[in-house]
Amino acid sequence: MKSKITLLSFLILIVFSCKEKDIDPFASIQPEESRFTKITLVEKLNEPMELEVLDNFDVLFIERGGKVRRFLAETGDIEEVGFLDVYAQNEDGLLGLAKDPKFGENQWIYLYYAPAGPDSINRLSRFTLTDG
């Protein structure tokens, strides 16, 4: 009797484990193209790498050659807000940008880059983005 219950339990386990899995529609169905509007902000950049959208909708972005630039949402103009002397050969250069979670309070940004010089190193540094 005990072996029949064990066998029956095993068969029930096999039947329910073979059930077709639920399909995630967000992983398999492409959204309609009309849901998105593509707007070109800037053209002819020199290897743009990353961007951050600021609270005022300005866009801070970096180029691999070392430029830190800002797209001004209000006017559509571009301004260079910083430059790092980087080693921009091979796969190095100015590679990463992130704004601090409390950017509105402290104006901190983080840059990941390979500084120019004889040593082959990568560096993560914090900077304060100031006006002027």
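1. Asn90 lies in the loop between β4 and β5 (94-99); strands here are DSSP runs of E, at least two residues long, numbered from the N terminus. Asn90 has a positive phi of about 55° although it is not a glycine. At 65% relative accessibility, Asn90 counts as exposed, a word used for values over 50%, with buried meaning under 20% and partly exposed in between (1.4 Å probe, protein chains only).

2. A word on the basis of this note. This is a predicted model, in which local features need pLDDT of at least 70 and side-chain atom pairs count only at pLDDT 80 or more, while totals for chains, interfaces and linings use all residues. Residues are numbered from 1 along each chain as its sequence is written, and side-chain values use heavy atoms, with hydrogens and water left out.

3. Phe57 is another non-glycine residue with a positive phi, of about 75°. Phe57 sits in the loop between β1 (48-53) and β2 (59-63). Its relative accessible area is 62%, so Phe57 is exposed.

4. Lys67 stands opposite Phe83 in β4, and Arg69 stands opposite Glu80 in β4. The hairpin of β3 and β4 has six residues between the strands, and Gly76 there takes a positive phi near 85°.

5. Arg70 is found in strand β3. Its relative accessible area is 10%, so Arg70 is buried. Leaving aside neighbours within four places in sequence, Arg70 is in contact (heavy atoms within 4.5 Å) with a list of residues including Leu54, Leu60, Phe61, Ile78, Val81, Leu129 and Asp131. Asp58 and Glu79 are also among the contacts of Arg70, and both come up again below.

6. The structure holds four salt bridges, each defined as a side-chain nitrogen of Lys or Arg within 4 Å of a carboxyl oxygen of Asp or Glu. Side chains of opposite charge can pair when their charged atoms come close. One of the salt bridges joins Asp58 and Arg70, whose closest N and O atoms are 3.5 Å apart. Asp58 lies in the loop between β1 and β2 and Arg70 in strand β3, so this pair ties together parts that are twelve residues apart in sequence. Asp58 and Arg70 are both buried.

7. Arg70 also forms a salt bridge with Glu79, with the closest N and O atoms 3.4 Å apart. Glu79 counts as partly exposed because its relative accessibility is 33%.

8. Glu63 is buried, as is Arg69.

Note on methods:
Pairing = 2+ DSSP bridges. Helix = DSSP H or I, 4+ residues; strand = E, 2+ residues; numbered from the N terminus.
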